[in-house]
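Welcome! Here is a short tour of some side-chain contacts, with the structure open beside you.

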Amino acid sequence: VQLQASGGGLVQAGGSLRLSCTAPGRTLSSYAMGWFRQAPGKEREFVAAISWSGGSTYYAGSAKGRFSISRDNAKKMVNLQMNSLKPEDTAVYYCAAAWGFTRIEAEYKYWGQGTQVTVSS
């Protein structure tokens with residue numbers, strides 16, 4: 001499954017961005033989906049996950065209350081709405097697909113190419 005992440009960009013602190021993840025020609029409804037990010041010089045970290053049905057979500061502490069993950073299986077799309085962005089949110093954001101609902105990076109089998117998010121102060 002090839003995943004494509006989009007929607008990154010440059011935004012001022014306090015602003016918002018909406019990331020999207022699609023799998024052209026493929027359905028995502030069989031997979032739990034997650035978002036991860038990697039800042040320069042740091043390891044990739046979990047941001048948010050959503051179950052295959054969309055009925056369950058999980059957030060990293062840094063994302064809770066500011067980010068919202070959602071999915072539209074009919075549109076074969078998973079979104080990450082990011083509000084109240086901070087400079088420390090600057091990173092490359094990756095979407096990923098897993099068979100089970102998890103926040104464990106190693107359990108994600110398919111990865112997108114990443115989209116850059118830069119938050120200026």
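## A ring pair across the chain

W99 is exposed, at 55% relative accessibility, while Y31 is buried, at 5%. Here buried means under 20% relative accessible area, exposed over 50%, and partly exposed in between, using a 1.4 Å probe and protein chains only. The model is predicted, so local features need pLDDT of at least 70 and side-chain atom pairs count only at pLDDT 80 or more, while totals for chains, interfaces and linings use all residues. Residues are numbered from 1 along each chain as its sequence is written, and side-chain values use heavy atoms, with hydrogens and water left out.

The whole structure contains seven aromatic pairs. Rings of Phe, Tyr and Trp (its six-membered ring) pair if their centres lie within 6.5 Å; planes under 30 degrees apart count as stacked, over 60 as edge-to-face and the rest as tilted. Y31 and W99 make a tilted pair, with 4.7 Å between centres and 40° between planes. Y31 sits in the loop between β3 (17–22) and β4 (32–38), and W99 in the loop between β9 (91–98) and β10 (108–111), 68 residues apart. Strands are DSSP runs (E, at least two residues), numbered from the N terminus.

## A cluster of rings

F36 and W111 also form a tilted pair, with centres 5.0 Å apart and planes at 55°. F36 is buried at 1% relative accessible area, whereas W111 is partly exposed at 23%. Both rings belong to a cluster that ring pairs build from F36, F46, Y58, Y108 and W111.

The charged end of R44 sits over the ring of W111, 3.8 Å from its centre. R44 also lies over the face of Y94, at 5.1 Å from the ring centre. A charge sits over a ring if NZ of Lys or CZ of Arg is within 6 Å of the ring centre and within 35 degrees of the ring normal.

R44 has a salt bridge with E105 too, with the closest N and O atoms 3.0 Å apart. Such a bridge is a side-chain nitrogen of Lys or Arg within 4 Å of a carboxyl oxygen of Asp or Glu.

## A salt-bridge network

The structure holds four salt bridges. E45 and R37 meet in one of them at 2.6 Å, N to O, and D89 and R66 form another at 2.7 Å. R37, E45, R66 and D89 are linked in a network of salt bridges.

How values were computed: Helix = DSSP H or I, 4+ residues; strand = E, 2+ residues; numbered from the N terminus.
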